[in-house]
Structure formats: structure tokens, C-alpha cells
Amino acid sequence: MARMHPRELPKHVLNDPKRSSEVRVYQRIRDQVPDDYVCYYSRSWHEADDDGAEFDGEADFILAHPKQGLLFIEVKGGRVSCREEDEQWLSTDRDGFRFRIKNPIAQAKSSKHHFLKRLNENRRLRGRFLRARHAAILPGSARPARALGPDAPQEIIAFGDDMDTLGNWLVQRMNEGGDPREQPLGLDGMRALEDLLAGHFELRAHIGTSLAEDAEVIERLTAEQAWILDSLEDNREMAISGGAGSGKTVLAIEKAFRSAANGRRTLLTCYNAPLANYLKDLCKDRENLVVAGFHSLCRAFAERTGTQLPASAGQELFNTHMPEGLIEAITKEPTLGFDTIIVDEGQDFRDHWLNALRLCLNHAQDSEFYVFFDDNQRLFAYDDNFISALPQAAISLTRNLRNTRKIHSLMVKWYQGKQSRAVGPEGEPVGVIECKRTDMAMGRVNERITQLVRSGQMTPDQIAILAGSAAEVDLAPARIAGIETCPADNIRPDRIVLDTIRRFKGLSRPCVFIVGIEHITEPELIYVATSRANLLLELAGTKEEIARIGAPIQAEVQ
């Protein structure tokens with residue numbers, strides 16, 4: 001049995017009466033031709049000449065053998081004839097209906113010349129004079145007494161008389177005649193032919209297109225969250241919880257905008273300096289709104305009021321002296337106080353830091369203190385009594401809006417707070433860049449980003465490379481994909497972010513690549529790492545480390 005492409009005919013071909021002759025030929029070739037032959041059914045082709053004219057064609061069957069070469073076959077069903085006055089080929093079916101058809105010999109020759117030209121473009125076959133023949137099969141017509149024309153001798157046409165032994169006829173046709181210059185197709189030619197003709201393929205997704213579509217969905221879903229603030233406007237103190245991607249920061253910003261627009265002196269603060277810089281950029285030029293990282297606020301108020309802070313006190317400076325300096329500064333100058341204070345990523349704050357912030361509220365009945373927090377991201381905090389004592393919002397942010405569902409399915413494995421539900425787009429699968437050694441990860445990511453940027457699928461402002469340790473960042477090349485990088489606290493629109501996972505906490509980018517996975521051991525840090533990408537997340541490391549994170553291994557080791 002010959003090896004057939006396709007292995008089985010689809011139902012729409014089997015059920016099409018117009019293709020019944022082709023089905024019969026397919027079955028004869030499959031059952032009668034030896035198994036060292038390969039047969040391709042219904043291969044369309046297209047080409048253009050030097051003048052720009054375009055031509056289309058189709059080879060009904062292409063029979064190939066590494067030694068015997070190629071045979072291009074055209075099949076015409078019904079009773080075939082050729083009209084004398086204009087040499088138009090015709091086919092008459094069993095019901096007597098007559099149809100115009102193309103000259104099958106000319107069609108077979110056109111297909112032969114086209115595919116030989118394509119094969120000779122192959123580097124392995126260039127210059128090889130390949131053995132090739134053409135033929136026609138007319139299964140509904142009886143063999144005539146003479147040739148059908150000067151270009152259609154009987155020996156290159158099989159008729160209904162030949163159908164029972166069609167396999168032998170085809171093999172014989174491939175062995176007829178010959179030119180001493182002809183060379184066999186060979187195994188390399190058979191591989192080239194399969195590359196050219198085989199219909200199976202799987203295209204890699206153009207990430208740029210899918211990212212744009214997914215981004216639109218996420219933007220719309222995130223904007224819809226604002227209604228929650230309407231339901232909370234009568235509450236002066238409130239703790240609002242939600243996992244990564246649930247829109248906490250978006251709501252914190254919207255609350256700050258509303259408060260400032262009402263003429264209230266408003267503070268929007270957080271712990272992480274890179275997040276604070278991001279919030280400042282989003283909220284710049286807003287009247288009545290102050291945006292600052294917590295420790296920056298402490299230092300600024302201390303300098304404003306002449307409050308002395310120790311020149312150097314190690315970690316105690318940040319943990320104790322600076323919050324105490326904030327309290328002393330606001331006591332000296334109460335006009336620095338705020339009508340509304342909004343804390344983002346509140347889980348990062350110690351209790352006495354939040355107490356110091358509350359003392360910065362103006363003593364008015366309508367003062368507001370809102371804390372947005374994630375009870376799973378405890379990377380810096382040591383206590384949570386303050387947040388627990390606040391009134392808890394009845395509406396928890398349980399819908400993940402920022403991440404695609406594919407990313408959410410990985411990050412949720414490391415989340416132990418209130419169960420979140422993915423409502424965003426399905427998205428691209430989490431990517432795996434598998435390396436033999438951990439020190440190869442950054443180089444492989446560099447190659448991957450280069451390919452994506454040069455093909456126009458990504459822009460620098462969409463990309464962040466996050467490392468499990470500061471050493472990975474220090475050892476990274478000065479440029480990635482030929483583009484300068486920037487740290488998370490100085491994000492530039494024309495650069496790729498390169499920083500640690502911890503410093504990028506609270507931030508996100510459409511496309512995130514994770515390196516230094518061997519250093520990401522705490523469950524909370526894995527949760528942060530896997531939740532920073534909105535649309536595309538790819539992990540680079542050894543098979544064992546990637547499996548530990550929980551991503552499926554799909555790539556080849558390089």
C-alpha cells in the first residue's frame with residue numbers, strides 16, 4: 001500500500017459526486033501501488049511570472065519514489081470528448097449532462113513544471129535534473145483505437161480498462177523512457193517534496209495581534225470596577241481586599257481622583273518606591289493630590305518641619321525613626337494633614353506605620369482612611385492587626401481583571417487568600433524557555449525578545465524582565481535586544497524594564513519574562529512573579545525549576 005497524503009479522505013470529498021472518479025483513483029493507488037511510493041492528493045499551487053501575472057493550478061495526484069522520481073496525474077471523470085471546431089474538452093456524466101473541462105494533459109504538464117521549479121529552488125536539490133513524468137486518468141472512458149492528440153499518446157493516459165491494474169500501470173509509466181541526464185529524487189528529494197506538499201502545519205501565534213485584542217478586553221473590564229466606590233462612598237474608614245490583578249490599584253487611584261476633585265487634600269501612598277513613582281506619573285498635575293511612597297513622605301515632612309532624623313540607623317531608620325519623625329512633623333505643623341488618606345498595597349505596612357498615617361488625618365468628621373490590600377502578598381509585613389480592625393468592605397475584589405486566564409491558572413496555585421475568579425481573555429499559554437543551565441536563562445530571554453521586537457510583535461514599553469535575585473540584574477547585559485533597560489523606579493517608555501521581582505511588586509507590564517527562577521523559593525514571591533504579566537508570561541530556567549513553579553514543559557532544551 002502506498003503512503004497517502006492525506007491518510008484518509010475527508011467526508012466532504014467522499015460525499016461529493018463530482019469527485020467520485022478521484023475517490024476511485026485514490027483507493028486504487030492506496031491499495032495497488034507498492035508501499036515504497038508516496039502519493040499526495042489534491043495539491044493546489046500558485047505562481048506569478050516576471051510581469052506580475054498570476055497563475056493557479058492543482059495536481060490531482062503526485063506520485064513519488066526515491067529512485068523512480070515523480071509522476072503528476074490529472075483525473076477527469078465521465079465520458080471525455082474533444083469538440084472539433086474549437087478543441088474544447090468536454091465530459092458527459094451518466095445523466096447525459098455535458099460539462100466543459102480543461103485539457104488534463106496540459107494541466108498535468110503545468111503542475112509538473114511548477115513543482116519541479118519549486119523543488120529546484122531547494123538548496124539541497126538545486127541543479128539536479130530530476131526524473132519526472134505526467135499522465136492523465138480517464139476512469140469513465142474506454143480506451144480508443146488511436147491517440148487523443150500529438151500531446152496525448154495512449155501510453156500516458158489510463159482509461160477505465162486499466163482501473164483494475166492501475167497500480168501496475170502507474171509504476172510502468174514512471175519507468176518509461178528517460179533522459180541520460182535524469183537523476184533520481186533520492187531521500188533528500190523526498191523530504192524536500194514533503195516539506196513542499198504536506199498539508200500539516202501549525203503556525204505560531206502572532207503575539208502582537210493577540211496582545212492587542214486581549215489588552216482591549218482587560219482595559220474594559222478594569223474600568224468597570226469603578227462602581228464599587230459608589231457603594232462605599234458613605235464609609236469613612238475601609239479595608240478593601242483583593243488578589244493580584246483584581247483592580248485594587250485602579251480603585252485606589254480612582255478614589256484619590258474623586259477625593260481631590262471634591263477639594264479634599266488627599267494622600268495616595270504605598271510602600272514600594274517603584275510603585276510610588278508609577279502612581280506619581282499617573283496622577284501628576286492633579287490639584288489637592290499628593291502621591292508619595294511612605295518613607296519618602298516621612299522624610300519630606302521631617303525636612304519641612306525641621307524634625308531631625310538619625311543620619312544612619314540601619315533598618316531601624318525605616319522601621320521606627322522615620323514613622324516617628326512623621327508623627328512629630330504633623331504635630332509641629334498640623335496644616336500638613338490630609339482630609340483623605342488612601343493606602344495601596346497595605347499588606348506591606350507595619351501596624352505602627354499605619355497608625356502614624358492615621359495621625360496625619362485632619363480632625364474632621366468627614367476624614368477618610370482607605371486601605372487596599374492583598375492578604376496573600378506578605379513579603380514585607382510582620383503584623384496586620386491594624387488592617388483587621390478596620391471595617392472590611394462587604395464587596396471583596398474576587399474577579400481577576402488584569403491577567404489572562406492562562407496566567408491566572410498558574411498564579412492561583414500560589415494564592416491562599418479569598419479565591420479569585422478569572423474573567424479576562426483566555427490569552428497565550430504561559431511560555432517556557434527551557435535551558436540546560438541556569439546561567440543560560442538571560443541569554444535565551446535576550447534571543448526571544450530580539451525575535452519578538454524585530455518582528456514587530458512587541459515594543460520595549462510592553463516588556464519587563466524580572467529576576468529572582470539582584471545578582472541576576474547586575475550580571476545582565478547593558479542592552480536587551482539592542483534596547484537600553486531601565487530599573488522599575490525609573491521606567492522609560494522607550495526602554496525594557498529590568499529589575500528584581502520584589503522591586504516590581506505592585507506593578508505590571510503586558511509581557512514579563514522571569515529569570516533566576518532558582519532563587520524564587522517563597523510561595524509569596526512565586527505568586528508575585530507569576531502575576532506581574534497582563535498578557536504574556538514566559539519563564540526561563542532549567543526543566544526542574546520551571547516544573548517547580550508549575551508551568552508545563554513544552555520547549556526543547558537549548
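Two strands count as paired if DSSP finds at least two bridges between them, and strands themselves are DSSP runs (E, at least two residues), just as helices are runs of H or I with at least four residues, all numbered from the N terminus. With that in hand, let's look at a pair of facing residues: Ile342 stands opposite Tyr370 in strand 14. Strand 13 (residues 340-343) and strand 14 (residues 368-373) run parallel, joined by four bridges.

Before going further, a word on the model. It is a predicted one, in which local features need pLDDT of at least 70 and side-chain atom pairs count only at pLDDT 80 or more, while totals for chains, interfaces and linings use all residues. Residues are numbered from 1 along each chain as its sequence is written, and side-chain values use heavy atoms, with hydrogens and water left out.

Five strands form an open sheet in the order 10-14-13-11-12, with parallel pairing. Its edges are strand 10 (237-241) and strand 12 (289-293), each of which pairs on one side only. From one strand to the next, the twist averages 15°.

Helix 9 (residues 273-283) lies across strand 11 (266-270) and strand 12, and runs at about 160° to strand 12. Such angles go from 0 to 180 degrees between N-to-C directions, with axes fitted to C-alpha atoms, for helices over the stretch in contact.

Helix 9 also has a helical partner. The axes of helix 8 (residues 248-261) and helix 9 come within 12 Å and cross at roughly 45°. That makes helix 8 oblique to helix 9 (angles under 35 degrees count as roughly parallel, over 145 as roughly antiparallel, 65 to 115 as roughly perpendicular and the rest as oblique). In contact here (heavy atoms within 4.5 Å) are Thr249, Ile253 and Phe257 of helix 8 with Leu279, Leu282 and Cys283 of helix 9. These contact residues divide into five nonpolar, one polar and no charged (Ala, Val, Leu, Ile, Met, Phe, Trp, Tyr, Cys and Pro are nonpolar, Asp, Glu, Lys and Arg charged, and the others, Gly among them, polar).
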